[in-house]
Structure formats: C-alpha cells, structure tokens
Amino acid sequence: MRLVINSKPANYMLKNYLKIAWRNLLKNKLYSVINIGGLAIGMAISFMLLLYVYNEFSFDKFNANNDRLYRVMRNQPSNGEIGTGTATPVPLAPSLVKDFPEIDKAARTNWPYDFLVNYKDKALKINTMAADASFLDMFSFDFIYGDKHTALSDPSSVVLTQSGAKAIFGNLNPVGQVIKFNSQYPLKVSAVIKDNPQNSTFSFNALMSWQACEAEQPWIKTSGWGNYSFQTYVMLKPGVQLAAINPKLKSLIAHYDPQNKENTLFLYAFARFHLYSDFKNGVNVGGGIDYVRLFLFLAIGILIIACINFMNLSTARSERRAREVGVRKAVGARRFAIVQQFLGESLLMAFLAFIFSLILMRLLLPVFNDIINIQLVLPYSNLWAWIVALGVTIFTGLIAGSYPALFLSSFKPVKVLKGQLITTKTTIRPRQVLVVIQFTFAICLILSSLFIYKQINYIKDRPVGYDKNGLIEMSLEGSLDKKFESFRLEAINAGAITDGAITSGSITNNGSSSWGITWPGQLPGEDKLPIDQIAVTYHFINTYGLTLTQGRDFAIDRPSDTAGIILNEAVVKLMRLKEPLGQSIKWQGTSRTVVGVVNNFVWGSPYEPVKPAIIGYIKDWAGGIGLRLNPNAPVSKSLSTLQTLYKKYNPEYPFEYKFTDERFSRKFGTEKLLGTMAVGFTCLAIVISCLGLFGLASFSAEQRRKEIGIRKVLGASTGNLWFKLSQEFIKLVLISFLIGSIISWYNIEKWLTKYTYHTSLSIWVFAATMIISLMICLVTVSWQAIKASWTNPVHSLRSE
C-alpha cells in the first residue's frame, strides 16, 4: 500500500492566505499605511540604535591580541580620595618589560596632535601620534604597503594611514618618500596602513617612531618618573592571568620613585576601558556603558510600543472581519487555521515593514550619524546582522500579531453571525493596558527631555569666572613663539584685538597638574596633593577676563615676575593663606612669590567644584595663544586682519583658530547628545503612541455606535458625546502620567545626583508634562469622537 501526500492543498491554502492578506491590505489602505508605517518607523529607529549599541560593545575588540592587551593605569591618593588616571611616565614601559617576565611587550604613546607636514610645495596639518616599534606588533593594523615588523625600526621612519597618504601624495605609493614635520624634521615613509576603524581608540593619520618624537621634543628623553604625560600599553604573555601580575605592580613606583610611593599602578583591559572608564576611589563605577544601556532600553522600548500600536490598530478593525471569521468557523475552519491565517498576515506586514525600515535607515542613518558624531554603516555583508534583523522581524510579526490572531479567532460563530460580538468591557481592558504602557513610555521620555535641558541650562548659567565670549585660541607654532610680542602689538594697533597672551594650553582644559608643592604652614602629607596648573607669560588676566581679587597680573616692567605665581581662591583656601600676597611657595622645584589672587574659574568639569589651581610664569611651556577680539570691530574683519598678520609672522603654518565659547560648549557634549536623542525619541514615541490611541478610539467608537445612536435620539449634543467618548482616554493618560512620573522621578533624581551642581526636580515640569499629554490625547481622540457623534443614528440603529 502506497501513501501519496498531495502538497497542492497546502500550497493552495498558503496562496489563498496571501491573497486574502493582500486584499485586506488594499481594502483598508489608510490603516495599512498607518500599521506598516508605524512598525517600519519603530523598526528603523530600533535597528539604528542597535547598530550604535553593537558599535559600542565591539569597540577596540577587533585586535587579534584583544584578550592579552592592557592599559597601564595609576591610582593617586588626593585629599582623602583616590584619583585614577591613564597618564604614566616615560621610563615605565621599558621597566615593565625588564622587571616582569609575564609581560610580552610594552609600548608608549603620546597624546596625538596636529603636526605640520611639508612635501614639496604642499603643507598641511596631519594628526600624528608617536609610539614604540612594539606598538605595531601589539595592535592589529592592515598594511597596504610596508612590513609591520620593520615599519618603525628606523628612528626616522613614519607610517601613514590610507587617508593621510592620499592627502599628501594622492594615489601614489609613498613608501620611501621623505616628508618634513614642522618644516624641519625629515622622516621617511616606511609603510601605509588602512584607516583605523571608527570604533577604535586610535584615530591618528600618521604614526612616527618614539625616537623621532624625542628628537622633535628633546625634553621627553630626559623626562623622569615624576612626569605623568604619556600612555603605556602592555601585552601579556599567553596564559598569564591579570590577578597574578596586578599585585606585583603596586610597588613599582615606590621602587623607582620613592618620593611618590603613594602612587600605584594596575593593568586594565584595553577593550573594556571605552565603556568602563569612570573610577571613584580607585574602583570602577561604570562609564559610557550607562548611556549604551539607555540606548539599548530605548531600542527595545520603541520596538515594543510599535508592536503595541500594531496590535491596537489590528484589533480596532476586528469587527469588519468578524463575519468572515464566523463564516469560516461555520464551514469547518479550526481555530488554529484562523490563527495561522492572521499570524501570516501579521508576518507579511512585518516583512513589508522591514523592507520599508531598510529604506528609512538608508535615509535617516546620515542624520543619525551627525547627531551621535559616529560614522555608522549598514552591515550589508554581515551574515549575522541579517540573521538578527530577520529574526527580530519574525519575532516582531509573531508577537505583534499574536493578540489580534487570538482575539479574532476566539469569536463564536453563532454570536458573530447574529451580530453579537464580545462585550466592550471585556475587549477594551487589555487594549487599555497596552495604551497605558505606550503613554507611560512617552511620558517618561518627555520628562527626561525636559530635565536634561533644564540641567544643561542650569550649568550654562553658572558663572565660569572668565569672559569666554569674543575670545579665540590657537596653537603656538613655528616662528610665532619668538615673534609673538610683535604680532600682538601689531594686531592691537590694527584694531583686531584688545590683548593677547601665551599659555601652556587652552583655558577650557585642565590637562596638567603637579605635586611636591610646599607652602608656609603646610601639614604633613599635603605636599603629595596634586594641584592643577597652567603656565603663562604676560597679559593673561586681561586677555582672558579673569577677576583679580588681590594683587596684579604679571608685568613686563617687573623682571621679578618671572618667578611669580597667581593663585585661585580654591588653592588659597587649601593652603589656608590669610594674606597670600608676597608668600613664598615652592612650585616646579623653585621658590615662587604670590603676586595675585583671582576668582575661581571653571577649568575642568563645569559640573564639579572648581579645583585649586596655580597660574605660573614659565615661558618654556608655551603651547597656545589666547587673543581677545576687539568688541568694536566686526568679527570677520578682525579674523581677516589676524590671518594677514599671522601669515606675515608665521608664513609656513596655516591660520587655524577656535572660539573659546565653542570649546567650552563641548563640555556639555554628552548631555546635549542625550538631550537631542531624548527629544527625537520622545517625538517618535508620541507619534507611535498617538497611532495606538487613534486605534483604540476607533475601536471604541465602532463598539459603541449603537449606544451613541441611542444617545443622539434622546437628545445628546455633539459636545456631550465628544466628552463621553474622550473621558475614558483622559483617564488612561492620567494613569500613564502617574506611573510615568513615579518612574521618572526616581531615575532623574538618580541621574542628577551624579553632578555636584544640578537643577532641582521642579513640580512645574511634571505639571507641564501632564498638560502636554492631555492635549496630545484630546487632539488624537477628538477626530474619532466627533466623527462618531456626527454619524446619523439611523445607520447604527436600523437593525433594531
């Protein structure tokens, strides 16, 4: 006996399901567009957020030796707390290799900065980093030309990235060509590597040997254990456990630098540092991972509310297909077959939404990249990305379609064919829960957005202690160092500036500190406290607009001022100096006389208390220039005049500057990004939630059309009917607001406590959010409510 299985009926049923699904999509065009469009928008935004999350989690993990790479970090006691940093001294790397057999290789790097590169008649700035030759053996780089084992073996060699090489040489092979750094240091191109991935710690365009860096900056070669200005990375030998070597590192500083024996070193996983870089009292307390988790939560949340919206809109049209379900059941269709059909329709719409989401991602990704300042790309060639995306799509289709499928398939054919559906009370409740979830999510986002911007504005309104407006800063390069005073005087006489000063760096960045400072009445151990420092020459106070509370600025006509210092009020308080002027303080190994005291100024984080700082006269530390633009002249004219004078005194270097107020605003970059993202996702959540509310209003109006007809016959006005239909949704929004407010209050208060200076949890923000939510609700629901109240009661009561 042979059993023959005919697959035609199954194929026919599948074809029939698809045909019915397609006809229903075309029959209800508006709802199909809203349904598929809402899901597509939710999926597109969620996928982009997940792309960002993946980028962050994969940061620096592309290195072949990832599990063996570590960053050397330092713990330093300070004023009862332990500060943790990444800066290390120059002699550390060779000492680690010599003293610890567990370490395979170690490499030093400096902080990358822009070098002037000259090749023939071309001169341009290239972001350059210096490193030991072992650096290329430790980290993974794709070589286009040259050999990684010999690329930095010659002290006069330099490695270029693909974009760096193209900027200098075009499409030619540059290996063997000689370029000059800062117009005087010739280096031979030994190799070309592919550009560093955008999810990499290293973003240089040129990599010079450590010996070349020492030749360009001779002080580095003589830098000892007390100068913490460089990065050190190590690669452990295979099989070495971190727990076995970290205890041994603690005594290394004490061995080589007994004066700073309180400082201790430890190794920290290189790839982990990007997301876990915040330390408090020597213990990791998180970092960027907090924001990545937030974006992951947003991605999941937006996808969920898009699915909820899909469910609401699907069941809102259920009555129109109730008789279809009744007829199918009457002729023998099983519930599973009906569930299968509606799940199939849901999957079809989910796949259509997925296709549209890909189109939306192509359009929105450049905008998203500009917002987050990261160049993400769609991973078309990544098989796992497609598997995950399709898996999410199928999961979304099944979850989003499960409730409509189970709801529609539960209809009793006898009741349906008699025109009797499930009562309003039993059908509304689960849908109300879904709408409450949607609006709770939206209200949380609204409150978060308002408080983020309230916090940013609160910090921005705090006095910074200097006048950052009308101030520009630039690097002190080339021959301008020796000619600065002539450049300054000519710029003042030309009306471009009112004053100018040389500094060791930007006033917006407290990148330097020192310890070993002594003062009168010092307590034991206080000489170990690190104190922020900035080196300047003359005219600093007037140029930057700091406020002197005592004394004066450094003066050219006072030669003794070259051994002077100016203190901020925080360091005067730390040193307990009742009469600071004229006091002798040992700083940078020499006795210095206090000539002035200035108000505290925001140099580091604007969210934290101002730290003690010393402004000292040191000409050899010159690295930057500050220029106060003439407020009585147009900015464009002043900049044009400065450019002309700059080319006169420093012709080989391009005229590049940055406004100090713009540099200062970067301190709020993370919060601004968070605020921008929160506003964008708030608007998106509101739109999707309104679609869900629109679906529920439509569903309610259809279920209550006979009730509305009877009320109209009995004399109810349009306003009364509108209020009657709207009040249930107002209740849902008020419930959502109550839940969302409690959740937001807890999380926002927790977020604000991270900042020493923070705004308050104002009641008016919650009140404004409630009003906004109610207005959104009424605008969304009113159309369906008014439409239902305008319907002729004859049409709804004719069957009675």
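Phe 766 is buried, with a relative accessibility of 6%, where buried denotes under 20% relative accessible area, exposed over 50% and partly exposed the range in between, as computed with a 1.4 Å probe on protein chains only. The structure is a predicted model, in which local features need pLDDT of at least 70 and side-chain atom pairs count only at pLDDT 80 or more, while totals for chains, interfaces and linings use all residues. Residues are numbered from 1 along each chain as its sequence is written, and side-chain values rest on heavy atoms, with hydrogens and water left out.

Phe 451, at 1% relative accessibility, is likewise counted as buried. Phe 451 and Phe 766 form a tilted aromatic pair, with 5.7 Å from centre to centre and 55° between the planes; rings of Phe, Tyr and Trp (the six-membered ring of the latter) pair if their centres lie within 6.5 Å, and planes under 30 degrees apart are classed as stacked, over 60 as edge-to-face and the rest as tilted. Because Phe 451 belongs to helix H14 (residues 424-460) and Phe 766 to helix H23 (residues 763-790), the pair ties together parts that are 315 residues apart in sequence. Helices (H or I, at least four residues) and strands (E, at least two) are DSSP runs, numbered from the N terminus.

By the ring criterion the count comes to 35 aromatic pairs. The rings of Phe 202 and Tyr 233 have centres 5.7 Å apart and planes at 80°, so this pair is edge-to-face. Phe 202 lies in the loop between strand E9 (185-193) and strand E10 (206-209), whereas Tyr 233 lies in strand E11 (residues 231-236), so the pair ties together parts 31 residues apart in sequence. Phe 202 is buried at a relative accessible area of 6%, and Tyr 233 is buried at 3%. Both residues are members of a cluster linked by ring pairs, which also includes Phe 135, Phe 139, Phe 141, Phe 204 and Phe 270.

Among the strands, E1 (residues 69-78) and E2 (residues 81-85) run antiparallel and are joined by five bridges, pairing being assigned if DSSP finds at least two bridges between two strands. Asn 75 has Thr 84 in E2 as its bridge partner. E1 and E2 form a hairpin with two residues between them, and Asn 79 in the turn has a positive phi of about 55°.
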